[in-house]
Structures are given as structure tokens and as C-alpha cells.
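I opened my notebook to look up a few things in one structure. My entries follow below.

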Amino acid sequence: MAQDYYQILGISKSASAEEIKRAYRKLAHQYHPDKGAGSESKFKEVSEAYQVLSDPGKRQQYDRFGTTFNQNQARGQGAQQGGFNAQGFDFNDFAQGFGGFDFDDPMDIFSNIFGGGRRPRRERGVDLEMAMDLSFDEAVFGVEKEISLEKTDACEHCSGSGAEPGSKINTCPKCHGQGQIRVTRQTILGQMSSVSTCDRCDGNGKVAERACSVCKGSGQQRRTKTIKVKIPAGVENGQRIRISKEGEVGYKGSNFGDLYLQLRVATKSGFKREGAAVFSEIPISFYQAALGTILDVPTVDGKAQVKIPAGTQSGKVFRLKGRGAPILNGSGRGDHLLTVRVVTPTKLNKKEKELFKKLSEESGESAQVDESFWDKIVG
Ligand SMILES: [Zn+2]
Ligand SMILES: [Zn+2]
């Protein structure tokens with residue numbers, strides 16, 4: 001049966017290695033046979049998809065030669081099918097694996113089954129998330145900020161290796177340097193043996209004579225770290241940005257998680273922003289609207305001169321091209337959209353009243369408004 005590995009993992013054809021891994025981890029947890037809602041067949045399917053898509057060479061071949069790969073082909077003519085070869089992938093091995101491994105981390109099963117136990121454990125550090133406050137201008141033009149965060153980092157004393165500096169490195173006494181151990185046991189199907197990563201040396205085959213005196217061999221240390229982060233121009237409120245490898249440390253001073261910053265952008269009086277577009281309003285007088293004028297309008301980066309033509313109506317929007325916010329991760333800038341509000345005079349002196357009346361007569365409108373009406377309005 002044709003299998004679409006991308007569909008199985010619920011990802012797009014352009015998914016990054018990181019996305020593939022994340023999707024796999026999630027589904028492997030979900031379908032894990034030990035779980036109530038688990039499904040062994042689904043689990044195998046997901047693992048098979050991951051095995052192919054996580055390997056750049058296999059993925060390329062899979063992308064090129066289509067979606068009709070199944071295990072019989074793989075065993076028989078698979079190798080001829082565009083060189084596709086499911087080497088090392090055997091569902092029988094898979095079945096043996098159940099029960100023998102620690103299923104807390106699906107990657108473990110993976111390394112044990114597909115890597116034949118030769119791949120050492122390499123846990124990835126935890127991703128961290130924190131809020132970051134930005135001013136309106138910082139979000140528009142980008143900023144470099146220093147942040148301090150308390151996290152589990154690589155141990156300073158041993159640089160994350162877990163070995164006391166200067167300590168002798170010996171061959172692992174448990175696996176004799178093999179990095180893996182074979183476990184044989186009786187099951188209802190007979191004697192089964194499986195290979196798993198040596199837990200003493202984590203598959204390295206070597207152990208330090210003395211563990212680091214500070215981190216006791218974990219390679220990890222809790223401390224406060226100050227880092228500089230660069231916020232790109234054009235970010236927006238609520239956006240989440242990833243700072244690669246600034247999360248917590250993973251296995252032995254390596255494999256850092258990522259840090260996510262949840263941006264909180266302050267408002268700025270007189271301005272509104274939507275993506276790269278910036279909005280503002282400007283009041284103009286009756287006379288300016290009727291006669292036309294040139295205005296100095298505040299924009300995100302200083303004043304812009306805007307020509308208001310004679311006869312401009314209230315509510316008219318003027319587009320100031322390229323005077324908005326920079327386009328995030330792009331080039332150029334958005335536009336500034338300026339709405340004009342015509343302000344009707346609220347207080348007229350005697351002379352102004354006369355002039356307005358004259359003006360009204362001039363334009364052919366009847367000025368049959370009596371004095372008492374004007375007085376009421378003017379107050
Ligand atoms: Zn070992
Ligand atoms: Zn240490």
C-alpha cells in the first residue's frame with residue numbers, strides 16, 4: 001500500500017529536520033503501545049516514516065521516487081528502486097524491542113532499534129520560553145538586548161564533559177568499550193535477545209576515572225546566564241521568536257534546546273501598526289481642507305511633508321509610500337497611511353461670523369440663519 005510519509009507525520013514536504021523530529025516525537029508518544037490510546041501499527045508507521053525522512057539521503061530518494069514504498073519492496077527489490085534501501089529496518093527487530101527499552105523518550109527506542117543500539121543517548125536540552133517587552137520603536141527598527149535567565153547550562157568546571165578535568169579516561173567496565181549491551185530473556189515466543197545502549201557510559205564506550213566534582217558527572221549546572229539577543233526590525237506584538245541553542249543544556253554539555261521569546265510590544269500614542277503598515281490621523285482646519293496646504297506629518301522615523309490638495313474631505317486617507325515599518329525578514333518598508341480629519345470651528349468671533357455668512361452667500365447658499373441661531377451654536 002502506498003504510504004505518504006509526510007502525511008503520516010502530518011508535516012509538509014518542505015518540513016525542516018527539526019519539524020520532522022518534533023512531529024515524530026509527538027506521534028510516537030501518542031501511539032506508543034504502552035499507552036491506553038496507543039496503537040502498535042500506527043507506531044510502526046510513524047517510526048518508519050521518521051526513519052526515512054530523518055535521513056537526508058533517504059529522504060531525497062523518497063522525494064524523487066515517490067510514495068509507493070513498502071516493506072516487501074524494501075526487502076526484495078527495494079535496493080533497485082532508485083537505490084532505496086531500508087537497511088537496518090526490520091519489523092521483527094522492532095517487535096523484539098518492545099518491553100526491553102525505556103519508552104519515556106521515543107528517541108531512545110529509535111536509537112536502540114534502528115541504530116542497533118550503537119547510537120549513544122543524546123538527549124536534547126529543554127526549550128525555554130520567556131516574555132520580552134519592547135517599545136513601539138524597538139519593534140519597528142529592531143534592537144539588541146541583554147537578557148539574564150536562570151537555566152541548566154553546561155557545567156563550567158568540566159565544560160559539560162562530566163569528567164573531572166585531568167582525570168584518566170578508561171574503557172567502560174560494563175560494556176567493555178562496546179557502547180552497547182545485549183540482553184537475553186525468555187518470553188512466550190521463546191528466547192529473545194535485544195541490544196541496548198550501555199547505561200554506564202551512555203554508549204560512549206569510555207568512562208572517566210573521576211566524575212566532575214562540581215556536577216557529579218552530569219555535565220550540567222544550574223546558573224544564571226546573560227546573553228545578547230538581536231530582535232530583527234519589523235517584529236510584532238505576540239510574536240514568538242526562537243533563539244537557537246539558548247535553551248537548557250542536553251546530553252553532556254551539548255545538544256542545547258532553544259529559547260523562545262514571546263514579544264510584548266508597547267503602544268505609542270498617535271500611531272497604530274499592522275504588520276509593516278503604520279496608521280495615524282492628523283487634524284486639519286476647515287480652511288486648510290478648503291484651500292489645500294502642506295503638512296509636516298510625524299512618521300516612525302521623523303517628519304514627512306504631505307501635500308493636502310484643495311477640497312480635501314474629512315476621512316480622506318493619504319498613502320506615504322515606504323514610510324511605514326520595515327518588512328520583517330524582507331527588504332523595504334511598508335506604507336504609512338495618514339487619515340485627515342477636518343475640524344469644524346467651534347468658536348467664531350463676530351468678524352469670523354460675518355465672513356462665514358459672506359462666504360455662504362458667495363457660494364450661493366441662502367444664509368437664512370438668524371442671529372439667535374448663531375448665538376446658540378457659538379454659545
Ligand atoms: Zn559502557
Ligand atoms: Zn562538571
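Which residues of H3 are buried? I note that the model is predicted. I found Phe 43, Val 46, Ser 47, Glu 48, Ala 49, Tyr 50, Gln 51, Val 52 and Leu 53 buried in H3.

Next I checked the length of helix H3. It has 14 residues, 40-53, and at 1.5 Å a residue they should span 20 Å. Its end C-alpha atoms are 20 Å apart, so the two agree.

**Zinc entry**

I looked up what holds the zinc ion (ligand 1). Its protein donors are the SG atoms of Cys 172, Cys 175, Cys 198 and Cys 201, at 2.2 to 2.3 Å. The four donor atoms subtend angles of 105 to 115°, so the arrangement is tetrahedral. I wrote down the spacing of the donor residues as C-x2-C-x22-C-x2-C. Cys 175 sits in the loop between strands S3 and S4, and Cys 201 in the loop between S5 and S6, so this pair ties together parts 26 residues apart in sequence. Both Cys 175 and Cys 201 are buried.

**Salt bridge entry**

I searched the whole structure and got 19 salt bridges. I picked out a few.

Glu 129 pairs with Arg 240, with closest N and O atoms 3.1 Å apart. Glu 129 is in strand S1 and Arg 240 in strand S8, 111 residues apart.

Arg 319 pairs with Asp 335 at 2.7 Å between the closest N and O atoms. Arg 319 is exposed, at 54% relative accessible area. Asp 335 is buried, at 13%.

Arg 124 and Asp 127 meet at 3.0 Å, N to O. I also found them in a salt-bridge network with Arg 242 and Asp 258.

Methods
Residues are numbered from 1 along each chain as its sequence is written. Chains are lettered from A and ligands numbered from 1 in the order in which they are written. This is a predicted model: local features need pLDDT of at least 70, side-chain atom pairs count only at pLDDT 80 or more; totals for chains, interfaces and linings use all residues. Side-chain values use heavy atoms; hydrogens and water are left out. Helices (H or I, at least four residues) and strands (E, at least two) are DSSP runs, numbered from the N terminus. The expected span of a helix is 1.5 Å times one less than its number of residues. Buried means under 20% relative accessible area, exposed over 50%, partly exposed in between (1.4 Å probe, protein chains only). Donors are N, O and S atoms within 2.8 Å of the metal (3.2 Å for Na, K and Ca); water is not among the atoms, so sites may look incomplete. Four donors count as tetrahedral if all angles lie between 85 and 135 degrees; four count as square planar and six as octahedral if opposite donors are over 155 degrees apart and all others between 65 and 115; anything else is irregular. A salt bridge is a side-chain nitrogen of Lys or Arg within 4 Å of a carboxyl oxygen of Asp or Glu.
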